[in-house]
Amino acid sequence: MNKSKEIKIIAAIAGVLTLFASCNKSGKDSKVVEIILEAQNAPYTYEDENGNPAGYEYEVLKAIEKKLPEWKFNYQVLDYETALAGVRTGKYTLDAGCKFRTPAREKAFLVSAPYNYFFMNLVVKANSGINGLEDMSGKSISPIVATDGRAVALKDWIDGHPEVTVDFKTLASSGAMADEIAKVEDGVFDAAYLSAEQANAILSEAKYTDLKITKRVDGRDTVFLINKDKREFQKAVNKALEELTADGTLGELTVKFFGEDNFEVAKKIGLKKD
């Protein structure tokens with residue numbers, strides 16, 4: 001082989017290697033995924049006393065990870081706004097934080113198959129006489145940030161029940177759920193709209209004695225939000241979730257965290273179809 005030809009071959013090989021490195025650098029073919037769990041959302045996602053990810057959704061993700069050995073999951077706990085923005089831009093791959101499926105989210109992200117069912121309750125004064133949303137005519141509910149799925153679900157319920165005139169407004173930026181309950185305690189609003197699990201976690205810290213949690217008033221399935229460019233990962237996650245639902249793993253995890261099989265409850269109240 002003459003020297004000129006040898007130099008051309010080496011240059012060609014170097015070009016291929018550079019292209020390969022560039023593809024890997026772009027992350028499009030990477031099997032490493034950045035998983036974000038939102039902070040202060042116990043028992044769904046939170047940071048434990050040692051600073052480690054914890055909660056029901058973390059356990060679900062670990063079960064998915066076992067079924068996807070070709071993918072490497074890196075976990076972080078972040079605040080709500082940072083998590084959403086990071087997944088939207090592609091800095092992170094998946095956001096876990098008890099999210100409902102909404103038209104806006106389906107436009108901004110890929111969404112997973114359901115991995116849980118979220119049941120909403122009201123937190124009210126014990127002597128209020130309020131036992132459900134039907135009792136809220138002429139009364140007010142603590143504001144929720146507009147991008148929170150709870151706000152979408154509540155607006156859907158209100159739109160579907162024009163005979164019940166509920167005073168409910170949304171916020172431009174997120175606030176703490178504890179503040180929603182504190183405003184009921186202070187008499188600013190008549191009710192807060194969240195899950196019994198979230199409410200119990202807050203009430204156990206706040207030590208309020210004059211509030212009660214009503215029976216379930218509504219429900220939605222919950223999904224993971226995935227960056228738009230990670231369709232292959234979305235398909236892998238959905239396949240794993242299908243298997244974990246079918247073999248009862250997710251139902252068992254809901255019993256562990258919530259005291260009952262949320263999938264069976266969802267069937268009974270018509271949220272889940274076989």
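**Stop 1**

Start at Gly 187, which follows helix H6 and has a positive phi, near 80 degrees. Helices (H or I, at least four residues) and strands (E, at least two) are DSSP runs, numbered from the N terminus. A word on what you're looking at: the model is predicted, so local features need pLDDT of at least 70 and side-chain atom pairs count only at pLDDT 80 or more, while totals for chains, interfaces and linings use all residues. Residues are numbered from 1 along each chain as its sequence is written, and side-chain values use heavy atoms, with hydrogens and water left out.

Now step back into H6 itself, residues 177-185: Met 177, Glu 180, Ile 181, Ala 182 and Val 184 are buried there (under 20% relative accessible area, 1.4 Å probe, protein chains only). Their cover includes strands E7 (116-125), E8 (140-145), E10 (191-195) and E11 (211-213), plus helices H5 (149-160) and H7 (196-206).

**Stop 2: the core**

Next, select Ile 64, Tyr 193 and Phe 233, the residues with the most contacts inside the largest nonpolar core, which has 57 residues. Such a core is a set of buried Ala, Val, Leu, Ile, Met, Phe, Trp, Tyr and Cys residues joined through side-chain atoms within 4.5 Å. At least three of its residues come from each of domain 1 (31-117 + 222-269) and domain 2 (119-219); those bounds come from an automatic or database domain assignment.

Zoom in on Ile 64: beyond its neighbours within four places in sequence, it is in contact (heavy atoms within 4.5 Å) with Phe 73, Phe 224, Val 237, Ala 240, Leu 241 and Leu 244.

Glu 65 sits in helix H2 (residues 56-67). Its side chain makes a polar contact of 2.9 Å with that of Tyr 75 (N or O atoms within 3.5 Å, one able to donate a hydrogen and the other to accept it; residues adjacent in sequence count only if both atoms are side-chain atoms).

**Stop 3: the rings**

Tyr 56 and Phe 258 are a tilted pair, because their planes stand at 55 degrees, with centres 5.3 Å apart. Both Tyr 56 and Phe 258 are buried. For a stacked pair, pick Tyr 115 and Phe 224, 4.0 Å centre to centre with 10 degrees between the planes.

Note on methods: Buried means under 20% relative accessible area, exposed over 50%, partly exposed in between (1.4 Å probe, protein chains only). Rings of Phe, Tyr and Trp (its six-membered ring) pair if their centres lie within 6.5 Å; planes under 30 degrees apart count as stacked, over 60 as edge-to-face and the rest as tilted.
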